[in-house]
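This report describes one protein model in plain terms. Look at the sequence and the structure first, then read on.

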Amino acid sequence: MKVGLIGPPLSGKSTLMAAIVGKRHGSPPEQEFTATVKIPDDRLDALAKVYRPKRVTHASLEFVDFPGLCSSDESGKERYRKHLPQIRLCDVLVAVVRDFSGDAVPAHKDRIDPQADLDGLHDDFIFADLEGVMGRIERIEKSLKKATKSHEQEKKELTLLQRCLQALENLQPLSTVLQHPEDAMMLKSFAFLSEKPLVVVVNVSEDRAAADPAISYPYARSILNISAEVESEMAELEPADRKAFLTDLGLSVMARERLIQCCYQAAGLISFLTTGPDEVRAWPLRKDSPALEAAGKIHTDIARGFIRAETMAYADWAKAGGDEKAVRAAGRLRQEGKDYIVRDGDIILFRFNV
């Protein structure tokens, strides 16, 4: 899964990226920077203390920091078009807007207005998708004038695209239209920007890190206040040294952890867990996926020879003090079939035969 950081120039995206990955990167400002980031999960630490595995493996996301985007001038439009294909490949977008002042970093467009910056990104997404929808409608209408075997499918697609066109003309994102899996699948190849899950980060000054965001956006999955500069400084410290910083900010956990979790959830992912002497691991899985698909995440042979999934909830395991026998004695160890819908935090041992 890929998460793209986007926003106007000087919004603090690269500083936020430094906070997310734990170090600053030296990529040229016109280039993308990509890093794989572990999903924070305290459950793995607790499991590792009991099972003492050779390694602990977290689920992860790939974060991409894109150069600052601004379509208000020709050079900005050219940069926007250059990076648009890669932005479309992202599964989740994080819009970073600035809400802090400071002489050290000049303000983009000589103003600090996070709501206007976010509204500008919204408009850019709408217009980019509008161009794609109108172009596709024109091609389908031409195709329907000819005798082809694909007419019925094209008619279905045209009906859906006309709904999309109406929404975009009313400045509504396609996330309000493509809510059914079959609709989203029909238009998946377009990778529409306004359909993608969006998380908004308001980059604020240190004294407002614990405050509620002062902007609104009804189509966002989450809106977070983050002081990117302070978070990037804390990310380079040892965990024990961060507590004083968090206390001063009025936070219980680093905002980067909340952001990473928000992106993971926005991507529609949960984690199921496996244990053993070799490895304790969190496996990313699409929400509402069956046990058979989870088995295939580990190995295709496990899915092919699936017998059952011995499953216990992490909460039951923790309540039992990490004692599997106690979980079994309490009747909380379940034997699940291939159609069982896996839940976040399920600890699963797959039985299989090939």
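Does Asp316 count as buried or exposed? The model is a predicted one, and in it Asp316 has a relative accessibility of 16%. Buried means under 20% relative accessible area, so Asp316 counts as buried. Asp316 is found in helix H12, which covers residues 314-319. Leaving aside neighbours within four places in sequence, Asp316 is in contact with Val327 and Arg332.

On the surface, Asp248 gathers with Glu206, Asp207, Glu233 and Glu236 in a patch of negative charge.

**The whole protein**

The secondary structure comes to 13 helices and twelve strands. Buried residues make up 47% of the 354 residues. Along the principal axes, the C-alpha atoms fill a box of roughly 65 × 65 × 30 Å. The accessible surface comes to about 18400 Å², and 49% of that belongs to carbon and sulfur atoms. Among contacts between residues at least 6 apart in sequence, 67% join residues at least 24 apart.

**Helix H1**

Helix H1 spans residues 13-21, and seven of its nine residues are buried, so the helix is largely enclosed by the rest of the structure. Among the buried residues of H1 are Lys13, Leu16 and Ile20. Just after H1, Gly22 takes a positive phi of about 90°.

**Salt bridges**

Side chains of opposite charge can pair when their charged atoms come close. The structure holds 20 salt bridges, and the table gives some of them.

| Salt bridge | N to O distance |
|---|---|
| Arg136 and Glu157 | 2.7 Å |
| Arg334 and Glu336 | 2.8 Å |
| Glu310 and Arg351 | 3.1 Å |

Arg136 pairs with Glu157, and this pair links distant parts of the chain: Arg136 is in helix H4 (residues 114-143) and Glu157 is in helix H5 (residues 151-169), 21 residues apart. Glu157 is buried, with a relative accessible area of 8%.

Glu310 forms a salt bridge with Arg351. Glu310 lies in strand S10 (residues 306-313) and Arg351 in strand S12 (residues 346-352), so the pair ties together parts that are 41 residues apart in sequence. Glu310 counts as buried at 10% relative accessibility, whereas Arg351 is partly exposed at 36%.

In the pair of Arg334 and Glu336, Arg334 is partly exposed, with a relative accessible area of 21%, while Glu336 counts as buried at 17%. Elsewhere, salt bridges that share partners join Asp41, Arg43 and Asp344 into one network.

How values were computed: Residues are numbered from 1 along each chain as its sequence is written. This is a predicted model: local features need pLDDT of at least 70, side-chain atom pairs count only at pLDDT 80 or more; totals for chains, interfaces and linings use all residues. Side-chain values use heavy atoms; hydrogens and water are left out. Patches are made of residues with over 30% relative accessible area and no salt bridge: like charges are joined within 9 Å, nonpolar side chains (Val, Leu, Ile, Met, Phe, Trp, Tyr) within 5 Å. Accessible areas come from the Shrake-Rupley method with a 1.4 Å probe; for residues, only the protein chains shown count as cover. A salt bridge is a side-chain nitrogen of Lys or Arg within 4 Å of a carboxyl oxygen of Asp or Glu. Lys and Arg count as positive and Asp and Glu as negative; His and the chain ends are not counted. The place of a charge is taken as NZ of Lys, CZ of Arg, CG of Asp or CD of Glu. Helices (H or I, at least four residues) and strands (E, at least two) are DSSP runs, numbered from the N terminus. Buried means under 20% relative accessible area, exposed over 50%, partly exposed in between (1.4 Å probe, protein chains only). Contact means heavy atoms within 4.5 Å.
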